[in-house]
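Here are my notes on the model, as numbered points. Please read them with the structure open.

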Amino acid sequence: MRIFRRSSNAGSSSRPATDNSPAAIARRPLLGAAAALPFGLLGCNAAAKTGTEAASATASETAPRAGQQDAAGGPAPTVRVRLLGTGGPEMSTTRQGMSTLIEAGGLRLLFDVGRGATQNMYESRVNPKDVTKIFLTHLHNDHYEDLPTLWLNPWFMLGRTEQLEIWGPPGTAGMVKGMRAMYQHDLDHRSNALFKKEYLDIRVHEIRPGIVYDQDGVKVTAFTVEHKDGNPAYGFRFDHSGKSVLLSGDTTYHENVVTHGKGVDALIHNVIAFDEELTKSGKLKAVEEKLTTPEQAARVFSEARPRIAVFSHIAKKGLHGEAGDQVIMNRTRKAGYDGPLYMGLDRMTIDIADDVTVRKPLSTAGLPELDGPGVRL
Ligand SMILES: [Zn+2]
């Protein structure tokens, strides 16, 4: 993996004020304990609300860095956001579980590892062996159920030699310990001189609200949100070189999302919606109250005024397909939000530079099978 390091004065030199410090729980090993590709462009920039304008661009095999040119000759984005999975726990042919990859400063940071995240990484032409830094918003299963795949598969099949590092709420260390116990057979028998057991060590940081990552001009800030039986739950703000992304995590309306999301380039928010009958019945009121309705999301977006707002972790019942998506968009508009708004799709890309560009999911046409260490995507 080529790592581009950006020489920049962006980012703070102060140490993170959390478990990332040497004195804290951080860095706890638990062992024993590009080709040019077609894109569609969804709205040219932040000034556009929604659109279906077609254009082309180039996928980069490596994380973008400032000043880098893409293969089409244009400047690479400062920050690239890949919506890997945009669904809730519901089964769908088009949406996998929640997972978002953010690339900047030569780094790739993964936020949540829902069902299908590793597959969608591959289908986004990102080699899963290059994704080793993982941030978990909370410990509901639909946010990390693909973690075992990302942990083991690239190790024995793609020759990953880098250990995973996970930042998550209290309880993350126990979850990882349990995962290791579940895959004890692999740990005991599958390693050899090439696939070393120590490559499966995982460094866990159980985080508190505050700056949880600050390296190479990339900063991640965690903040508390309200997710009822999912608490403790966090949202994350990502900053790099004056560009910013806000991930709400799973939460109902929360002022921390507004506070941290004020004027960000992209505000990515969960949403939950049911069909009229189910809504009126009140049967799933308790579920609805754990997440954010379109009307509440309109309030968040109106108060935070991001350059673009994007729905991801789209939990819906009785609102199938694109027609169901449109109901959510309509309800958000009716509730008064009139800024740029996008419905997240799996493998959609958001490029943040001077403009914010939202691109349709990358085509998988011609994508080679990822069956060994030598494959270039
Ligand atoms: Zn949840």
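1. Two residues are taken to be in contact, or to touch, if their C-beta atoms, placed from the backbone, lie within 7 Å. By that rule, and leaving out residues up to four places away in sequence, Val245 touches Val79, Val81, Ile102, Phe238, Val264, Asp265, Ala266 and Ile268.

2. This is a predicted model, in which local features need pLDDT of at least 70 and side-chain atom pairs count only at pLDDT 80 or more, while totals for chains, interfaces and linings use all residues. Numbering starts from 1 along each chain as its sequence is written.

3. Val245 is also one of the residues that touch the most other members of the largest nonpolar core, along with Ile102, Phe135 and Ala266. That core has 80 residues, and its largest share, 7 residues, comes from β14. A nonpolar core here is a set of buried Ala, Val, Leu, Ile, Met, Phe, Trp, Tyr and Cys residues joined through C-beta atoms within 7 Å. Buried means 20 or more other C-beta atoms within 10 Å of the residue's own (exposed is 12 or fewer, partly exposed in between). Helices (H or I, at least four residues) and strands (E, at least two) are DSSP runs, numbered from the N terminus.

4. Helix α8 (residues 294-304) packs on helix α9 (residues 321-334) at about 50 degrees, with the axes 8 Å apart. In the contact, Pro294, Glu295, Ala297 and Ala298 of α8 meet Ile328, Arg331 and Thr332 of α9.

5. Buried residues of α8 include Phe301 and Val300. Their cover includes α5 (255-261), β14 (266-274), β15 (308-317) and α9. Just after α8, Arg305 has a positive phi of about 50 degrees.

6. Which residues does Arg347 touch, not counting those up to four places away in sequence? They are Leu83, Leu84, Asn120, Glu123, Ser124, Pro361 and Leu362. Arg347 sits in the loop between β16 (341-343) and β17 (348-352) and is buried, because 21 other C-beta atoms lie within 10 Å.

7. Some backbone details deserve a check. Asp112, not a glycine, has a positive phi of about 70 degrees; Asp112 is in the loop between β6 (107-111) and α1 (117-123). Arg125, also not a glycine, has a positive phi of about 65 degrees. The peptide bond from Asn231 to Pro232 is cis, with omega near 0 degrees.

Conventions: Axes fitted to C-alpha atoms, helices over the stretch in contact; angles between N-to-C directions.
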